[in-house]
Amino acid sequence: AEAYYNLGNALIKMNEMDAALTAFRTAIILKPTDPMFYESLGSSLYAAGRADEAVVVYEEWLKQAPDNPVAKHMLIACTGENVPERASDDYVRNTFDRFSDDFDDDLKNLNYRAPLLVFEAMQDTLRDARGALDILDAGCGTGLCAAHFKPYAKRLEGVDLSPGMLEK
């Protein structure tokens with residue numbers, strides 16, 4: 001199953017979509033409990049403009065794993081039905097836990113500047129507060145804002161839904 005999954009990923013990179021979809025489907029047949037296979041097949045179908053087929057994949061995935069937050073999220077994304085105000089905590093936790101190992105490097109490659117921009121927007125507020133503030137970074141991820149705000153903190157705490165991000 002893993003070999004077919006890897007083949008599917010290689011075929012995607014070679015723009016061989018139909019062959020990749022066949023490889024992902026074969027992986028699912030061989031190991032129908034692996035969520036990674038469903039996610040790859042569904043997202044590949046969606047990317048190919050075949051959302052109706054992706055819906056079937058996500059529904060099948062949910063039969064295998066009824067509580068899987070990624071499957072639930074992706075089904076809603078494809079159908080547009082019962083869209084919540086925001087992604088579920090379980091989906092956010094799962095997604096960011098999976099990205100945590102490479103998160104900081106990926107953001108550097110994207111020239112990610114949000115922590116610096118947040119810090120710059122706070123400059124007038126922080127001006128006379130060096131070492132005096134209790135700061136809470138809600139949704140801190142790997143703590144990229146902390147380096148900017150630390151000089152102004154008497155206490156600096158970060159919280160996040162993702163244990164993987166907090167560990168980093």
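Pro115 has its place in helix α8, which covers residues 114–121, and with a relative accessibility of 9% this proline counts as buried, because the limit for that class is under 20%. The model described here is a predicted one.

**Pro115 and its surroundings**

- Leaving aside its neighbours within four places in sequence, Pro115 is in contact with Leu144, Cys145 and His148.
- One of these contacts, Leu144, lies 29 residues away from Pro115 along the chain, yet the C-alpha atoms of Pro115 and Leu144 are separated by 6.2 Å.

**How helices pack in pairs**

- Two packed helices are described by the angle between their axes and by the distance between those axes, and the pairs below are set out in that way.
- Helices α1 and α2 pack with their axes 8 Å apart and at an angle of about 165 degrees; since angles over 145 degrees count as roughly antiparallel, α1 and α2 are therefore roughly antiparallel to each other.
- The crossing in which α1 passes α2 is left-handed, and in it Tyr4, Tyr5, Leu7, Gly8, Asn9, Leu11 and Ile12 of α1 meet Met17, Ala19, Ala20, Ala23, Phe24, Thr26, Ala27 and Leu30 of α2.
- Sorted by class, the residues in the contact of α1 with α2 are twelve nonpolar, three polar and no charged.
- Helix α3 (residues 35–47) and helix α4 (residues 51–64) have axes that come within 7 Å and cross at roughly 165 degrees, so α3 and α4 are again described as roughly antiparallel to each other.
- The crossing of α3 and α4 is left-handed, and the residues that make the contact include Pro35, Tyr38, Leu41 and Leu45 on the side of α3, together with Ala54, Val57, Tyr58 and Trp61 on the side of α4.
- In the contact of α3 with α4 there are ten nonpolar, three polar and three charged residues.
- Helix α4 also packs against α5, with axes that come within 9 Å and cross at roughly 155 degrees, and α4 and α5 are therefore roughly antiparallel to each other.
- The crossing of α4 and α5 is left-handed, and here Ala54, Val55, Tyr58, Glu59, Trp61 and Leu62 in α4 meet Val70, Ala71, Lys72, Met74, Leu75, Cys78 and Thr79 in α5.
- By class, the contact of α4 with α5 is made up of ten nonpolar, one polar and two charged residues.

**Nonpolar cores**

- Which residues touch the most other members of the largest nonpolar core? Of the 24 residues in that core, they are Leu41, Leu45, Tyr58 and Trp61.
- The elements that give two or more residues to this core are α1 (2–13), α2 (17–30), α3, α4 and α5 (69–79).
- Apart from this core lies another, of seven residues, among them Leu126, Phe149, Tyr152 and Ala153.
- When neighbours within four places in sequence are left aside, Tyr58 is in contact with Tyr38, Glu39, Gly42, Ser43, Ala71, Met74, Leu75 and Cys78.

**Val159 in a strand**

- Val159 is found in strand β2, which runs over residues 153–159, and at 42% relative accessibility Val159 counts as partly exposed.
- Beyond its neighbours within four places in sequence, Val159 is in contact with Leu136, Asp137, Ala138, Gly139, Cys140 and Leu166.
- The C-alpha atoms of Val159 and Ala132, which are 27 residues apart along the chain, are separated by 20 Å.

**Two asparagines with a positive phi**

- Most residues other than glycine have a negative phi, and it is against this background that the next two residues are listed.
- Asn15 has a positive phi of about 60 degrees although it is not a glycine; its place is in the loop between α1 and α2, and with a relative accessible area of 70% Asn15 is exposed.
- Asn82 has a positive phi of about 55 degrees, although it is not a glycine either; its place is in the loop between α5 and α6 (89–99), and Asn82 is exposed, with a relative accessible area of 72%.

Methods: Residues are numbered from 1 along each chain as its sequence is written. This is a predicted model: local features need pLDDT of at least 70, side-chain atom pairs count only at pLDDT 80 or more; totals for chains, interfaces and linings use all residues. Side-chain values use heavy atoms; hydrogens and water are left out. Axes are lines fitted to C-alpha atoms, for helices over the stretch in contact, and angles run from 0 to 180 degrees between N-to-C directions. Helices (H or I, at least four residues) and strands (E, at least two) are DSSP runs, numbered from the N terminus. Angles under 35 degrees count as roughly parallel, over 145 as roughly antiparallel, 65 to 115 as roughly perpendicular and the rest as oblique. A crossing is left-handed if the near helix is turned anticlockwise from the far one by less than a right angle, and right-handed if clockwise. Contact means heavy atoms within 4.5 Å. Ala, Val, Leu, Ile, Met, Phe, Trp, Tyr, Cys and Pro count as nonpolar, Asp, Glu, Lys and Arg as charged, and the others, Gly among them, as polar. A nonpolar core is a set of buried Ala, Val, Leu, Ile, Met, Phe, Trp, Tyr and Cys residues joined through side-chain atoms within 4.5 Å. Buried means under 20% relative accessible area, exposed over 50%, partly exposed in between (1.4 Å probe, protein chains only).
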